[in-house]
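Dear colleague,

I am handing over the structure below, and my notes on its pocket, its aromatic pairs and one of its helices follow it. Please read them beside the coordinates.

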Amino acid sequence: DVEGLGFAIPINTAAEVANQLMEKGYVSGEAYTGMSYQEGYVSGQGGESGGFDEFFGGGQSQQQTAVYIAEVIGKHAKEAGFQPGDMVYAVDDKIISTFDELSTIITTKKPGDKIKYTIVRNGEIKNIKFELEEKGHEEIEQ
């Protein structure tokens with residue numbers, strides 16, 4: 001049982017966020033990949049990835065969590081050629097197995113930064129570089 005647990009946000013941060021929401025309808029300066037994601041599983045021998053371990057030196061027949069692209073929304077992501085169903089293997093050469101790992105990397109970036117995704121599509125590995133967009137901006141323009 002926990003009582004009296006609270007979290008504080010500095011008033012300057014809260015005021016800035018409120019002002020941006022009123023003026024723009026979103027908080028500016030946050031990086032956005034232009035994609036939505038879904039966690040799933042990839043089996044050690046073949047599975048949905050079309051032989052995931054064959055490429056990355058596995059061999060166990062156990063399941064591992066994986067991050068898949070569910071929807072491609074943003075202009076830069078579409079131009080880069082991402083497709084729903086692509087499995088995100090690594091971002092900037094850091095192996096990804098959960099959405100939290102992916103999110104941690106993206107939140108350290110800024111709109112306009114270039115980023116490299118290593119994906120698995122139909123059993124093939126692809127490296128795709130693209131520019132991050134500004135979170136909120138894309139949804140308002142549509």
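The lining of the largest pocket comprises seven nonpolar, three polar and three charged residues, where Ala, Val, Leu, Ile, Met, Phe, Trp, Tyr, Cys and Pro count as nonpolar, Asp, Glu, Lys and Arg as charged, and the others, Gly among them, as polar. This is a predicted model, in which local features need pLDDT of at least 70 and side-chain atom pairs count only at pLDDT 80 or more, while totals for chains, interfaces and linings use all residues. Residues are numbered from 1 along each chain as its sequence is written, and side-chain values use heavy atoms, with hydrogens and water left out.

The space in the largest pocket comes to about 270 Å³, a volume being the space filled by probe spheres set on grid points that are joined across faces, edges and corners. A pocket here is an open set of points on a 1 Å grid over the protein atoms alone, where a 1.4 Å probe fits, with protein on both sides within 12 Å along at least five of seven lines, and lining residues have an atom within 4 Å of a point. Of the 13 lining residues, Ala31, Tyr32, Ser103, Ile106 and Lys135 lie nearest the centre of the largest pocket. Strand E1 (31–32), strand E2 (35–43) and helix H4 (99–106) are the elements that each give two or more residues to this lining, and H4 gives the most, with four; helices (H or I, at least four residues) and strands (E, at least two) are DSSP runs, numbered from the N terminus.

Turning to the aromatic side chains, a search of the whole structure finds four pairs, with rings of Phe, Tyr and Trp (its six-membered ring) pairing if their centres lie within 6.5 Å, and planes under 30 degrees apart counting as stacked, over 60 as edge-to-face and the rest as tilted. Phe82 and Phe130 have ring centres 4.9 Å apart and planes at 75 degrees, so they are an edge-to-face pair. That pair links distant parts of the chain, 48 residues apart, with Phe82 in the loop between helix H3 (75–80) and strand E4 (87–91) and Phe130 in strand E7 (residues 124–131). Both Phe82 and Phe130 are buried, that is, under 20% relative accessible area, against over 50% for exposed and in between for partly exposed (1.4 Å probe, protein chains only). Phe82, Tyr117 and Phe130 form one aromatic cluster, and Tyr117 is buried with a relative accessible area of 0%.

Finally, just after helix H1, Gly25 takes a positive phi of about 90 degrees.

With best regards
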